[in-house]
Amino acid sequence: MFRCPRCTTPLQPLRKQGLCIWGCAECDGRLATVATLRRTLEPGFVHRTWSYAREHREPSARMCPGCRSAMRSSAPDGADSALRLDVCVACQFVWFDARELDGAPKKRVQPPPDFFAAVAMFAGS
């Protein structure tokens, strides 16, 4: 069982649309895998989060809920950004404090290639 890296409360699985993240009922933080984030968030944001953690190697005060090793601090919007996420490179987990995941840029849903042609045909009839 994973424990919250902020308050050590057991994390609960939160399933939505076939994806799983873990949530803390005490502090409202969220734990997600990089793979889940790639399916749900804007690709550039996920890439910057992961790359920053790998390249800068800034230690975080938080321990990974998976391997219990120190996580790394990541600044997906640049070093001067107020947003700091905690990343475990080994487990590929990202920790979001309360409301940080809600504010992350979501992946845009692209309509199928023939969508606009079908709409045009429907509008013309």
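## Polar contacts of Arg 62

A polar contact is a pair of N or O atoms within 3.5 Å; within protein, one atom must be able to donate a hydrogen and the other to accept it, and residues adjacent in sequence count only if both atoms are side-chain atoms. By this criterion, the side chains of Arg 62 and Asp 97 are joined by a polar contact of 2.9 Å. A polar contact of 3.0 Å also links the side chain of Arg 62 to that of Asp 86.

Arg 62 belongs to strand β4, residues 58-63. Helices (H or I, at least four residues) and strands (E, at least two) are DSSP runs, numbered from the N terminus. The relative accessible area of Arg 62 is 17%, and the residue therefore counts as buried (buried means under 20%, exposed over 50%, and partly exposed in between, with a 1.4 Å probe and protein chains only). With neighbours within four places in sequence left aside, the contacts of Arg 62 are Pro 5, Arg 6, Ser 69, Ala 70, Met 71, Asp 86, Trp 95 and Asp 97; contact here means heavy atoms within 4.5 Å.

## Basis of the model

The model is predicted: local features need pLDDT of at least 70, side-chain atom pairs count only at pLDDT 80 or more, and totals for chains, interfaces and linings use all residues. Residues are numbered from 1 along each chain as its sequence is written, and side-chain values use heavy atoms, with hydrogens and water left out.

## Overall architecture

The protein chain contains 4 helices and 7 strands, arranged along the sequence as β-β-β-α-α-β-β-β-β-α-α. Of its 125 residues, 36% count as buried. Among contacts between residues at least 6 apart in sequence, 45% join residues at least 24 apart.

## Strand pairing

Two strands pair if DSSP finds at least two bridges between them. Strand β2 (19-23) and strand β3 (residues 30-33) run antiparallel and are joined by 2 bridges, with Gly 23 partnered by Arg 30 of β3. The hairpin of β2 and β3 has 6 residues between its strands, and Asp 28 in the turn has a positive phi of about 70°. Strand β3 is also joined to β7, in the antiparallel sense, by 4 bridges; here Thr 33 stands opposite Phe 93.

Strand β4 pairs with strand β5 (residues 70-74) in the antiparallel sense over 3 bridges. Pro 59 has Arg 72 of β5 as its bridge partner, while Arg 72 also stands opposite Val 87 in β6. The strands β5 and β6 run antiparallel and share 3 bridges. In the hairpin of β4 and β5, with 6 residues between the strands, Arg 68 takes a positive phi near 65°.

Gln 92 lies in the loop between β6 (85-88) and β7 (93-96). Its relative accessible area is 38%, so Gln 92 is classed as partly exposed. Leaving aside neighbours within four places in sequence, Gln 92 is in contact with Ala 32, Thr 33, Val 34 and Trp 50. The C-alpha atoms of Gln 92 and Val 34 are separated by 5.6 Å, although these residues are 58 apart along the chain.

## Cavity

On a 1 Å grid over the protein atoms alone, a cavity is a set of points where a 1.4 Å probe fits but cannot get out, and a pocket is an open set with protein on both sides within 12 Å along at least five of seven lines; lining residues have an atom within 4 Å of a point. Grid points are joined across faces, edges and corners, and a volume is the space filled by probe spheres set on the points.

The whole structure has 1 cavity of 30 Å³ or more. The largest cavity has a volume of about 40 Å³, and its lining consists of Val 34, Leu 37, Leu 41, Phe 45, Val 46, Thr 49, Trp 50, Val 94 and Phe 96. At least two lining residues come from each of α1 (34-40), α2 (43-56) and β7, with the largest share, 4 residues, from α2. The lining comprises 8 nonpolar residues, 1 polar and no charged (Ala, Val, Leu, Ile, Met, Phe, Trp, Tyr, Cys and Pro count as nonpolar, Asp, Glu, Lys and Arg as charged, and the others, Gly among them, as polar).

The largest pocket holds about 470 Å³ of space. It is lined by 15 residues, of which Lys 16, Leu 19, Ile 21, Thr 40 and Leu 101 are the closest to its centre. Each of β1 (12-16), β2, α1 and α3 (100-103) supplies at least two residues of this lining, and α1 gives the largest share, 4 residues. By class, the lining of the largest pocket has 6 nonpolar, 3 polar and 6 charged residues.
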